[in-house]
Structures are given as structure tokens and as C-alpha cells.
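Visitor: I'd like a close look at a single part, please. Take me through how one chain is divided up and what can be found in it, and keep it simple.

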Amino acid sequence: MQEQIKEASYDVLVIGGGIAGGEAALNLANNGFKVLIIEKDLSIGGKMILLSKVFPTLDCSACITTPKVSEISRQPGITIFTGSEVKKIIKKTENSFEAEVLKNPRYVIVEECTACQLCEQACPVVVKDEYQFNLVGRKAAFIPFTIASPKVAAIDIGNCILCGACEKACPPKCIDFTQEKEEYTIKIKSVIIATGFKLFDPLMIPRYGFGLFKNIITSMQMERQLAPTRPFNTILRPGDGKVPCKVAYVLCTGSRDATIGNPVCSQICCMYSIKQAQLLMGALPMADVTIYYLNIRSFGKGFEEFYEQAKGMGVNFIKGKIGRISEKENGNLILRYEDINENKVKETEHDIVVLSVGVIANRDAATLFPDEQLKLDAFNFINQTDPLASPARTSIEGVFVAGTASGPMDIPDSILSAGSASAEAMSYLIQNK
Amino acid sequence: MNKKLGVYICHCGGNISDYVDVEKVRQSVEKEEGVFLAKTTMFACGDSNQKEMVEDIKSNHLDGVVVASCSPKLHLLTFRAVTERGDLNKYNYVHANIREQASWAHSDDKAGATEKAIHIVKAAIAKVRYAESLVPIKISSIKSVAIIGGGVAGMKAAIELSDLGCQVYLIEREYFVGGRVSQWDTLFTTNETGKELVTRLYNDLAKRKNITVYTGTEVISNSGSIGDFKLKVKITPRYIKEKCNQGELQNAIDACPVEVPDDFNFNITSRKAIYHNFPGEYPQSPVIDTKNCTRCGACEKICENVDFSQKEEIKEINAGSVLMATGFDPYTPADGEFGYNLYNNVVTLPQLKRMIDLSDNTLKFKGREIKNIVYIYCVGSRQVEGENKYCSRYCCTSAIHVAITAKKKFRDIYNFHFNRGIRTYGKQEVLYDESSKMGDIYLQSYEDDPPVVTSQNGKTIVKINDILTGKKELEVEADLIVLVTGMVPRKDNSVGSLFKLPKGRDKFFNEIHMKLRPVETVIDGITISGACQGPKNIMETVNSALSAAAKSYSYVSKGVLELEPIIARIDKSLCTWCNACSKACPFDAVKMEEDKTKAYAVINNSVCKGCGMCLPVCPTDAINLIAYSNSEIESMIDALA
């Protein structure tokens with residue numbers, strides 16, 4: 001069937017609706033510019049909306065992200081496409097671009113869905129829930145997560161068996177299997193790339209046994225277990241559902257490690273691990289928490305004090321790199337490491353291991369500009385061509401970068417970088433009027 | 001009195017409902033007088049619940065709304081906006097905090113936490129019955145911004161605001177712009193020098209007609225507030241005529257008999273009383289330092305451009321917003337701290353940076369050639385005993401960068417890094433790698449076991465119990481000891497005090513919210529950027545400067561500002577002007593006025609924050625705080641009892 005191509009024009013195209021993209025879009029729209037956010041996921045809010053609490057203030061992440069997300073979705077100057085992708089961007093004139101955007105069907109009429117969740121109850125298909133980082137299951141007809149924006153059901157067509165149960169259960173009859181992909185040609189004057197980062201996949205380090213031993217989880221899985229919308233209402237180890245009492249954190253998993261191709265520091269793992277350790281001390285008062293580290297990098301405002309606070313609460317810090325992890329019959333794990341402090345190789349048993357996985361470049365944006373060269377740096381992040389005087393600038397005039405698309409950073413730095421990208425975009429738009 | 005109230009009790013995921021029986025709270029308040037509907041919700045702040053509230057308010061014509069959730073610091077504005085979208089005046093909304101005050105505070109006592117939550121919600125209901133519709137105070141705002149501090153942050157913010165069409169006043173206390181960056185030589189990542197970066201920014205700045213740069217200028221007072229700050233500045237003259245012949249000036253400098261330590265080089269060299277910072281500085285004109293000038297007249301005789309008749313000038317600047325970019329001071333070690341001011345070969349990292357910049361073929365200090373350099377990290381940061389508990393963030397990377405630069409520029413340099421855990425975060429890690437590969441030696445100790453500096457037979461020895469080699473006691477004979485000093489807040493904080501800017505535990509200026517509002521301050525209209533908010537490298541500084549520029553722009557761009565109407569109001573007939581309220585006010589919002597009959601207090605609407613400090617001190621009860629009247633407070637107390 002012939003797909004209908006729709007046209008529209010905006011001042012700025014923001015690629016990515018996480019906290020950096022959202023902040024940049026808000027800054028622009030509040031100053032009168034028309035913005036389109038293209039978000040690949042079903043909800044805006046990026047990774048931050050899925051976090052438990054944030055360091056070093058221990059603000060509940062959902063509580064500070066939702067109002068921001070709500071403000072973004074309400075702002076009349078901002079249009080948001082979720083479940084959509086930018087296919088390519090062509091520079092048309094000195095100061096205009098044309099973007100091809102693909103909007104994937106949700107198979108739900110967004111305006112009519114009331115998020116009653118009856119479709120979810122009716123759906124017979126259970127698959128892994130990616131928003132809970134595979135800790136639990138979800139249906140093929142589902143609402144991504146409680147605080148998603150838009151909070152609207154979606155059909156995961158890849159896993160749907162087309163049984164029609166959801167259609168029958170839906171009171172406003174808003175499930176529509178006839179929806180198709182929509183293509184848009186969008187005229188824009190400027191682009192902000194806010195495509196964020198990817199988490200390191202620990203399967204790349206086989207000696208840690210992730211994927212093989214059930215009681216090894218990633219830090220994002222622990223983050224979900226600690227979040228207010230957590231799946232289990234307590235902390236459980238996945239192997240047998242036991243409440244753990246001896247937790248280990250393995251820092252620098254996939255960071256500062258040339259053997260897996262990522263020699264740089266991810267900048268956030270020390271701090272989020274220290275935060276999780278503090279939250280665990282609250283959630284499981286009897287548990288021991290040990291953090292195995294190379295160097296603790298608590299460098300931001302209030303971070304060092306936060307680290308000292310964790311030490312004061314009784315979190316164990318052991319300087320040493322984990323060589324190997326093996327599993328005992330009862331599911332417990334033996335960590336073999338060099339205790340630098342005592343200058344000895346040691347083995348210690350834990351009943352759950354959390355791998356503090358690092359920040360890896362998201363290369364999705366690299367191929368968006370077929371006719372221009374969007375330069376990447378040595379680590380595949382977007383290259384900042386004038387990092388000291390204009391950090392948001394890229395190798396293409398009129399294209400700016402915000403947040404972790406240009407390198408690892410924490411939330412405050414992402415917000416500042418988004419402010420910087422939106423300011424540069426504003427002056428670019430005014431100068432090229 | 002409001003009679004049709006909507007009450008929402010939030011689970012906050014589990015933040016509240018884990019400890020407070022949310023449904024019981026709902027049942028306990030739904031029969032309260034005037035409550036039309038009472039609901040519970042998983043996340044009151046979530047988009048879907050906000051929509052539901054708007055619908056409820058509109059369709060039921062509610063005249064008062066209460067949400068019992070988290071602290072009003074987080075969501076008061078969120079739910080006021082919801083109320084407004086429901087076509088109800090937003091001041092008919094009252095916030096009840098049952099998270100910080102009930103669930104989190106009493107997580108060990110669920111029944112008690114629930115009981116307390118019920119009382120808190122009942123008190124909010126009592127208050128909302130008295131709530132009145134209010135109109136925000138509207139004030140006009142001048143489209144100009146005053147930037148205090150002409151370093152990289154200030155210059156970058158000035159360029160941005162100029163692009164956006166604002167009149168910009170860039171006020172620098174020193175005689176030259178560029179701040180700390182102009183003192184640095186090659187910079188990490190680009191190998192551009194600090195001077196080149198400053199030159200680039202200054203050339204950009206100088207092209208713009210709507211930027212006025214004031215050097216040698218200090219802000220001495222402010223009598224305005226957001227929308228119209230009225231700054232008084234004192235401009236100290238250079239005592240050099242504007243258009244002048246550089247060659248003759250050099251002769252004048254040579255003729256000056258005064259020699260004083262040169263601050264620009266962190267006192268490792270000296271300069272004359274008539275001086276340059278460096279060739280090509282901005283503005284490109286020397287200055288006479290009258291504090292040290294003996295008025296001998298030697299320069300005047302040689303050079304006609306010297307002009308002692310120039311006078312100090314006081315000028316008034318009006319600006320809609322003030323952007324602070326006052327930077328930092330490098331930490332000054334105490335006498336004896338790792339041998340500082342005790343042994344003659346102990347310097348700070350900024351001093352070494354200047355030495356490298358000023359030396360050509362060999363690195364010499366006090367006539368001696370330097371080969372072994374020992375860097376002692378975390379001096380003035382992460383202090384166990386002292387006040388500076390924080391990490392200064394830039395120093396690890398900076399020290400390693402300097403060590404590499406020294407090694408590349410001079411022959412036979414050996415670098416020994418006595419550190420407490422290297423923090424080259426992010427991509428800066430590559431530098432640490434590079435330095436290790438170049439053969440630099442890293443030795444590490446914990447905070448409670450710092451390295452020790454001693455002197456034996458004219459040799460300076462640094463000892464450490466190195467944890468990287470099983471706590472072996474290792475020692476290095478150092479030709480030069482470099483104290484890697486951190487960033488501390490400016491010693492002279494007079495301009496911060498002038499605006500009553502609050503400081504954090506680390507004594508740097510404090511933002512409103514580290515994550516969501518990192519460049520705003522509680523003083524309306526004043527933004528903060530760069531290292532005056534906390535240690536930052538250049539890239540982070542520029543990001544924060546541009547963010548602050550965008551925020552300052554939003555205060556002035558529309559020409560009109562809306563301010564909170566919840567402020568103190570004075571009943572002139574009762575006021576006897578005893579001055580007690582003015583003394584109690586932390587914001588200088590109370591002024592005396594007089595008419596034919598008497599003197600009385602007047603509130604400045606754009607400065608008053610509605611904090612209520614003036615109310616209890618008034619002996620004649622002449623002050624009322626809008627939205628916190630006696631009847632409201634008394635009814636809340638009754639509900640809490």
C-alpha cells in the first residue's frame with residue numbers, strides 16, 4: 001500500500017526525548033521556538049525516569065522527572081513523536097535541513113486510550129519487560145510503565161499473536177490493528193542530537209559469568225529493584241527469590257578497560273553504586289554491602305561528602321579489580337580479586353553480585369547525515385569540534401549535541417549541556433533569520 | 001469560604017504508601033466539611049493524574065484543591081498549574097506534605113505515620129477553605145543583563161546574551177579580562193593555549209555593539225531587584241590615555257623603579273607598578289597600580305600617555321537580571337603544609353604552570369635545574385581536618401596534563417604523582433593512560449596517612465606508605481615539590497554578600513536545585529555560572545555559562561515578569577515605624593516612608609519573598625502575610641490538634 005508522506009516544518013529537531021533532549025526543547029519552546037522531539041521509545045523521559053533515587057541529594061527520580069516530562073508534553077511549542085525514528089537528514093540550504101521521519105504504529109489510538117489496563121489483563125502473551133530490565137514479564141498489549149508519558153497502551157506487534165482479546169476488552173475501542181507506518185518529511189533550521197548512551201553489555205566479559213550465573217545482575221536491574229515502581233516490593237536475587245544479605249558491587253564493569261574496547265571512565269558508576277549501597281542499607285538493614293573499586297571518583301558538588309556518608313553508614317570499600325567470578329551450588333558467588341590494600345589475592349563469597357556497568361556511545365546518530373560528515377570521537381561519541389569555547393558544536397553547522405551523546409556525564413552535567421546546546425541553537429537561529 | 005473541595009492522596013509509588021495507609025487517609029478526610037471528592041493516586045504528579053484533576057476541577061466546579069504528596073518544594077508549582085488549567089485561580093490550591101513529614105519521618109511506625117498524615121491533610125483542608133483568588137504581581141523588566149566577572153564564563157555568557165539581543169554590561173574587577181584561563185598555557189583536549197582561547201572570545205566580544213566591558217570595576221551597591229537591578233559601580237582608571245604608543249609605554253615600564261610580586265604569575269616573578277599581564281592582553285593597554293606606585297614621575301617623564309589626572313568614576317547600571325561569573329581562588333597552602341613556605345622548593349600547581357610557560361629550554365627554579373618533580377595531590381581538597389571536604393574535580397586531570405607538558409617541553413623530567421586515587425573522569429582517562437605510558441610514577445596513600453615532606457642535608461625527601469605496593473615505605477628525593485591545590489571560593493565575597501546570595505556547605509554559591517535548576521538562585525533574577533557555583537573545568541564552565549545566559553534571558557526577554565503575590569502587607573494605620581520589621585527582614589524588603597502625619601513601613605513587592613519573619617516582631621500586629629492570615633493559621637492548628 002502507498003504510504004502517505006506528511007510534511008511539516010519546525011525551528012529545531014531534537015533527536016531523543018530523555019532528560020537532555022527534553023530540557024533543551026523546553027528552553028527553546030519557552031523562548032518562542034517551534035520544536036519537534038523524535039523519541040524512539042514509547043515514552044519520553046529517557047533513562048532518568050526509570051531510576052530509583054538520584055545522587056547525591058537522594059531525590060526520588062520519578063518525582064523530579066515526571067513534572068519535567070509533564071511540562072514538556074504540555075508545552076504548546078513542542079510536538080512529540082514517540083515510537084519514531086529519524087531516517088536521514090539532508091542539508092538543503094546554508095541554514096535549512098530536511099529530515100525523513102518514520103512514525104511506527106502503536107496500534108492504539110492515543111487520544112482515546114484511558115490507560116485502564118484492561119487490554120493488559122486480557123492479553124495472553126507474556127514476554128520479558130524491558131522497562132524492568134527483564135526482571136519480570138509484561139504482556140504484548142501493555143502500558144510501558146506507570147509514569148510513562150504518554151501513558152497509553154501499545155501493542156508489541158512482534159510478540160502479538162493477533163488473538164484479538166485486547167480489542168474485545170478495550171472499553172473505548174481504541175485498539176486499531178489497521179494502523180500503518182507513517183512517513184514525514186520535515187523542514188527544520190537546526191538539529192539537537194540528544195540520543196543519550198547505551199549501557200555496557202556485561203556478556204562481553206565472560207569471566208564475570210553474567211548470563212550464566214543467575215545471581216549476577218546489572219546495576220540497572222538493581223536500580224529497578226530499588227525504584228518506587230519496583231517489581232517485587234523488596235530486593236530479591238533472581239536465581240531463587242531469596243532476599244540477599246551479602247551484596248557485592250563490581251565497579252568499572254566495561255569502563256577503563258581497553259580489553260573490551262572502552263578505555264575511558266564512565267563518570268557515573270562510582271556514584272550510582274554508592275547511592276544504591278546507601279539505599280540497600282535502608283531496604284535491607286541486615287545486609288552487608290561491599291564495593292570493589294579501582295579508584296572512587298566522587299568529584300562533583302556534594303559527591304565526596306556522599307561517599308564519606310556511605311563509609312559512615314558501614315558500606316565496605318575494597319580496592320581491587322575482580323579477576324573472576326564463579327558460582328557455588330547454592331547459587332552464591334565467589335569473587336576472586338587482588339586486595340590492593342593487603343597486597344594479597346583473595347576470594348570472598350557473596351549471595352548477589354551487581355555489575356556496575358558503564359556508559360557506551362550510542363552510535364544511532366552517526367549515520368543520520370548521508371551528505372555531511374558528522375564526526376565521532378575516538379570512543380564513538382559525537383565529536384565536539386570546539387569543546388572549550390562551544391561545547392555543543394559538532395562538525396556540521398547548525399547541528400548541536402546535548403547530554404551523553406557527546407560523552408559520559410551525570411544528570412547535572414547533562415542538564416547544563418542541554419542548556420548550552422539550546423542557547424547555541426537559539427543564537428544560531430537568530431543569526432540566520 | 002470555599003465549599004467544594006477536591007482532595008488527592010498520593011502513593012508516590014511506594015514512597016508514601018509503604019508506610020502510610022493511603023486509603024485510610026482518604027476515608028478519614030472524605031467526610032470533612034466541604035470535601036466534594038477524595039481520591040488516591042499512584043503518582044499525583046504523573047501526566048495522566050494531572051489530566052484527571054483538570055477534568056475533575058472543571059466538571060465539578062471545584063473551588064479548592066488539596067494534594068497530599070511530597071514536599072511543596074518539589075510540586076507546589078506543578079499542582080498550582082494543574083489548578084489553573086482547571087480554570088480555577090491557582091491560589092485556591094493548598095499542598096500537604098505527607099511524604100517528608102509522615103512516611104519518611106516515621107518509617108518505623110506505620111500506624112503513627114498514617115495518623116499524622118490524616119492530621120496534616122485535615123489541616124490543609126482547613127486552610128484551603130479560607131483560600132482566596134490572588135493575582136500575581138506584574139513588574140516590567142529591562143532587556144539588559146549585568147555580568148559580574150570577565151573570565152571565560154562571563155565572556156561566553158556576554159556573547160550569547162548579545163546574540164539574543166540583550167544589552168550586556170560585563171563587569172571585571174581586574175584590569176584585564178580572561179580570568180584564570182588567561183593564566184594557563186596549553187589546555188587539555190585542544191592544545192590551544194589559555195591566552196589563545198581568551199583572545200578568540202575577546203575578539204568575538206569586541207565586535208558586538210551591545211556589550212559594554214568595564215575593567216578595573218567593582219560593584220559597590222545595589223538598590224534594585226529582578227526586572228530592574230540598580231547597580232552602582234566604581235571604575236578605577238588605568239592612568240594611561242586610551243590611544244597610546246606601545247613602544248613608548250615599554251620605555252615607561254622599564255623606567256619604573258618599583259618592583260612587586262606579580263599576582264598574574266602567582267608571585268614567582270615580579271613586575272613594575274606600571275605593568276602588563278602578558279603581551280596581547282585585553283584590553284591591550286598597561287595599567288598603573290596606584291597601591292604600589294610611589295608617584296616618582298619617572299614614567300610620566302618618558303611617556304606622554306601616562307595620565308595621573310584620571311579620576312575614579314562612579315556609574316549606575318540598570319539591568320533586568322544579574323549573572324554571576326566570579327570564579328574561584330586557587331587554594332593557598334598553610335605555612336608548613338607539606339613544606340610550603342618552609343622549604344625553598346615547594347610550589348603550587350598554578351605556580352608550576354606559570355613556570356613552564358615562562359621557561360624556554362630548561363626548567364629552573366631559583367636558579368636550580370629541575371629533574372625530579374613530586375606532585376602531592378588533594379592539597380586543600382578532601383580535607384580530613386580542614387573545612388574543604390569536597391573534591392575540586394579539575395586538579396587530577398590538570399596535574400597530569402602539566403606533568404606531561406613539562407616532560408614534553410624539557411629534557412630529563414621525572415614525574416612522581418603522590419595521589420589519593422586518580423580521578424580523571426570520563427574521557428580525561430586517556431591522559432592518565434598517556435602519562436603512565438610515558439613512565440610517570442604513581443604512588444598512592446589514604447587520606448589518614450598522607451605523604452611526609454622532610455629536609456635532610458639540603459635535600460628534600462617525600463615519603464609515602466604506598467598502598468599500590470603493599471604499603472611499602474617509599475621515598476623520592478625531589479628537586480621540586482608541587483602541591484596540587486584545589487579550588488576554593490573567592491576570598492573576597494563582597495559582591496555575593498551585596499546580593500545576599502546563599503552559599504552551600506562548601507561555601508560556593510548555591511543553586512536552587514542541583515539537578516533541575518542548577519544556575520538559578522533563591523534571589524529572583526540572579527543566576528550563577530562557572531566555578532563560583534563549584535569546581536569546574538573549562539568545558540563545564542562554558543556549559544553552565546550558556547545555561548545561565550539562557551535563564552537570565554528568560555527573565556528579561558518578555559519585558560514583563562510575574563511574581564508571587566504571597567507577600568507581607570502593612571496596615572499603615574497600625575504601623576508606628578519602630579524599625580523592628582526592617583531589622584528582621586533577611587531580604588531588605590522593608591523601607592521607611594513618611595507622609596505629613598507619620599513615618600511608616602512599606603514593603604517592596606518585588607523583593608519580599610513572603611517568608612513571614614517580620615510578622616511576629618511587629619508590636620502593633622500591623623503586618624499581615626497574604627495567604628497566611630490568622631484565621632487560616634488558627635484553623636490549621638485546630639485541625640492538627
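Guide: Two residues are in contact if their C-beta atoms, placed from the backbone, lie within 7 Å. Keep in mind that you're looking at a predicted model, where local features need pLDDT of at least 70, side-chain atom pairs count only at pLDDT 80 or more, and totals for chains, interfaces and linings use all residues. Residues are numbered from 1 along each chain as its sequence is written, while chains are lettered from A and ligands numbered from 1 in the order in which they are written.

Let's go for chain A. It splits into domain 1 (7-104 + 181-196 + 362-431), domain 2 (105-180) and domain 3 (200-358), with bounds from an automatic or database domain assignment. Between the C-alpha centres of domains 1 and 3 of chain A there are 32 Å. Where these two domains meet, 13 residues of domain 1 are in contact with 19 residues of domain 3. That side of domain 1 has ten nonpolar residues, one polar and two charged (Ala, Val, Leu, Ile, Met, Phe, Trp, Tyr, Cys and Pro count as nonpolar, Asp, Glu, Lys and Arg as charged, and the others, Gly among them, as polar).

Now for a sheet in chain A. Five strands form an open sheet in the order 14-21-15-16-17, with parallel pairing. Strands (E, at least two residues) and helices (H or I, at least four) are DSSP runs numbered from the N terminus, and two strands pair if DSSP finds at least two bridges between them. Strand 14 (216-218) and strand 17 (316-319) of chain A sit at the edges with a single partner strand each, so one side of each has no neighbour in the sheet. From one strand to the next, the twist averages 25°; axes are lines fitted to C-alpha atoms, for helices over the stretch in contact, and angles run from 0 to 180 degrees between N-to-C directions.

Zoom in on strand 15 (246-253) and strand 21 (352-357) of chain A, which pair in the parallel sense over five bridges. In one of them, A:Ala248 has A:Val353 of strand 21 as its partner. Helix 6 (269-283) of chain A packs on this sheet, touching strand 15, strand 16 (288-293) and strand 21. The direction of helix 6 makes about 170° with that of strand 15.

Last stop: the neighbour. Here 63 residues of chain A are in contact with 60 residues of chain B. On chain B's side, helix 14 of chain B gives the largest share, eleven residues.
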